[in-house]
Structure formats: structure tokens, C-alpha cells
Amino acid sequence: MSLDLTDVALFVRVCATRNLSAAGREFGLSPAASSARMAQLEKRLGARLLHRTTRQITVTQDGDVFLERALLLLAAAEQAEAAVGHGSVAPQGLLRVAASTTFGRGYIVPYVAEFLREFPGVQLDLRLSDLVVDLAAQGIDVAIRIGPLRDSNLVARVLAPSRLVICASPDYLAAHGVPQHPAELAEHQCLVLEAMNPWRLRERDGSELHVRVGGRLRSDNGEALRDAAVAGLGIGLLSTWLVPEQLRSGALVRILADYPATDSVVSAVYLHRQYLPPKSRAFIDFFAQRFGPEPYWDRDL
């Protein structure tokens, strides 16, 4: 008896979600049917792949070994199917995507209807939160993240640059003056985003300059700091995707342009390099095409 690819795919999703019932729902299976299929796979292989208790699921040593082969097997099956017929496997199933609240609302949500029309077999579960989610624990297929990849267990594909500018309102600058060098920021009210202090800037000779800033307002939310900057409460180091309209309208003015910030990136991150399901690949490709190396939010800035 040969391996059933559905059982193999279900096992991979159980490893990712650590939840047999949740993984089974993605395949239209009841908890009982999911459990039976896992038992069938273990019997076929003659090895225990999962330790299951009422509270948690852990992968055994044999399960870890089989997971590597399972990912390669699914990838090979997908490539074989893509080589015939129309040359592609139709994306389908439940796709869980996580993104920050601000970026998700501003740049993912506006395209959701178009994405779902283009891929009618996909159901989208979009989680918007400013907390960094654990992809495996929460069963997330793709997360959109701003900044460098810090988790070596994840794979990242860059979707767009995330450029940073130092800016303030005309009213603030009229009242407090325009700093001419980053060292003068110590004399100003700076709006501090959590985990982004010191500010990493570049000197005119190209060397990196780290400037620790302070002020009366700090937050973990970029929108809050943007609105505070527009209200004249201080100077902010903000992503251009967060303030394009404010920069174009003059509500915010860029300063210290000769000392640019070290830019970041917008990335799609996921768990496994060897096997990326068609639904995840479709989502990542869709937004890579709409953002790109010169994203639309940076035009005319």
C-alpha cells in the first residue's frame, strides 16, 4: 500500500499548527477522521510520528525525520502536477495570513477583494495585530513583516523596500527650529517607536551613525506617532508607506535628508522552504507584483 498524499499533507499541517482538529478542518475532515488518518499513516510507516495528549501535540524524532521527506514529497507532487494540464495547480483551501494592523489595513485589505476574485478556491483568514505572532503555534501560513528576519526557522521573500524618513510638522519646526545635524535631535522632542531606538542614520561619508533619541511620547503603534507628528508634538522617524499623503500635502516635512535612515524591507515570511503550498505562493506572488522594488506609495515623494 502506497502513501496517501492527503495523509502526508495533513501530517505537515499538524506539524505546523500543532493542532490536529485545526489541520483537519483545512482538509474538510472531522477531528475523528483526522485522528484516524494520522493513525493510518503511522501504521503504514511503522513509526510513531506524533505524541498526542489532551493539551498538546509534539513531533517525535521519527516525525521530524519524516517531515523533511514529506515536504520534499509534496513539493515533487506539486511540480509533477504543474508539468501537465494547464501547467499550474489551482490554489485552494484556507489561507491564514498575519500582518501588522497599520500595514495590513493600508496595503493588504484594499486588495483582498481582487485577490479572492482571482483565486476563487481560496478562503482567507486575515489576522491584523501589532504583536509578532508565532507562525507554527497559531497555524499562520504567511506573515507580512517589516524589518529584518530574526527567526532562523522562517523563510522570507522581500516584497518591497520600507524606506524611512525623519519628518515633523511645519508648526513644530517653526516653533522649535530645524535641526541641521542628527546630534541636535537631543534638543528636540522625538517620537519614539518601540524597538526603534537608537535611530540608525548614515553620515555624509557613508558611515553609520546611531542616535539615541527621547521625548515625552513613545508608542508601539506607527499610526499614533504619525498623528502625533502631524499635531506638532515632535519629530518622527517614520516609514514612507505610513506617511505618503502627509508628505505630499505638506502636513509633514522631511528634514535631515543628508543623513538618511537605514532602510528596512517589507517581507512575506513562512515556515518551510521545501514546500510552499499553491495558496501561499499565490498570495506572495500577488502582493510582490503590486508592491515591488519601487512601491506605489513612494511615487512622487
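What follows is a set of questions and answers on this predicted model.

Trainee: What makes up the secondary structure of the protein, and what does its C-alpha trace span along the principal axes?
Mentor: The secondary structure consists of 11 helices and 14 strands. The C-alpha trace spans about 80 × 40 × 35 Å. Of the 301 residues, 46% count as buried. Among contacts with a separation of 6 or more, 74% are between residues 24 or more positions apart.

Trainee: Why is Lys279 called buried?
Mentor: Its relative accessible area is 8%. Buried means under 20%, so Lys279 is buried. Lys279 is found in helix H11, residues 278-290.

Trainee: What is Lys279 in contact with, leaving aside its neighbours within four places in sequence?
Mentor: Lys279 is in contact with Glu26, Pro91, Gln92, Gly93, Leu94, Leu95, Val122 and Asp141.

Trainee: How do you know that the buried residues of H9 line one face of the helix?
Mentor: In H9, residues 222-230, the buried residues are Gly222, Leu225, Arg226, Ala228 and Ala229. Seen down the helix axis, these buried residues fall within an arc of 165 degrees, so they line one face. What covers them includes strand E8 (190-193), strand E11 (218-219), strand E12 (235-239) and helix H10 (244-249).

Trainee: What makes Asn221 a cap for H9?
Mentor: A side-chain oxygen of Asn221 lies 3.0 Å from the backbone nitrogen of Glu223, at the N-terminal end of H9. With the limit for a polar contact at 3.5 Å, the distance of 3.0 Å is within it. Just after H9, Gly232 has a positive phi of about 85 degrees.

Trainee: Is Leu256 buried or exposed?
Mentor: Leu256 has 10% relative accessibility, and the cut-off for buried is under 20%, so Leu256 counts as buried.

Trainee: How do you know that Asp300 is exposed?
Mentor: Its relative accessibility is 73%, and exposed means over 50%, so Asp300 counts as exposed. Phi of Asp300 is also positive, near 65 degrees, in a residue other than glycine. Asp300 is in the segment after H11.

Trainee: How many cavities of 30 Å³ or more does a search of the whole structure find?
Mentor: The search finds 1 cavity of that kind. The largest cavity holds about 40 Å³ of space. Its lining includes Leu164, Val165, Ile166, Arg254 and Leu256. Strand E7 (residues 164-168) gives the largest share of that lining, 3 residues. By type, the lining has 9 nonpolar residues, no polar ones and 1 charged.

Trainee: What lines the largest pocket, and what is its volume?
Mentor: The volume is about 1,400 Å³. The lining has 44 residues, of which Ile146, Gly147, Arg150, Leu193 and Met196 lie nearest the centre of the pocket. Elements giving two or more residues to the lining include strand E3 (93-99), strand E5 (142-146) and strand E14 (264-270). The lining divides into 23 nonpolar, 12 polar and 9 charged residues.

Key
Residues numbered from 1 in each chain as written. Predicted model: local features only at pLDDT ≥ 70, side-chain atom pairs only at ≥ 80, totals over all residues. Heavy atoms only, no water. 1 Å grid on protein atoms, 1.4 Å probe; cavity = no way out; pocket = protein on both sides within 12 Å on 5 of 7 lines; lining within 4 Å. Points joined across faces, edges and corners; volume = space filled by probe spheres on them. Helix = DSSP H or I, 4+ residues; strand = E, 2+ residues; numbered from the N terminus. Nonpolar A, V, L, I, M, F, W, Y, C, P; charged D, E, K, R; others polar. Buried < 20%, exposed > 50% of the residue type's maximum accessible area, 1.4 Å probe, protein only. Arc of directions from axis to C-beta. Contact = heavy atoms within 4.5 Å. Polar contact = N/O pair within 3.5 Å; in protein donor to acceptor, adjacent residues only side chain to side chain.
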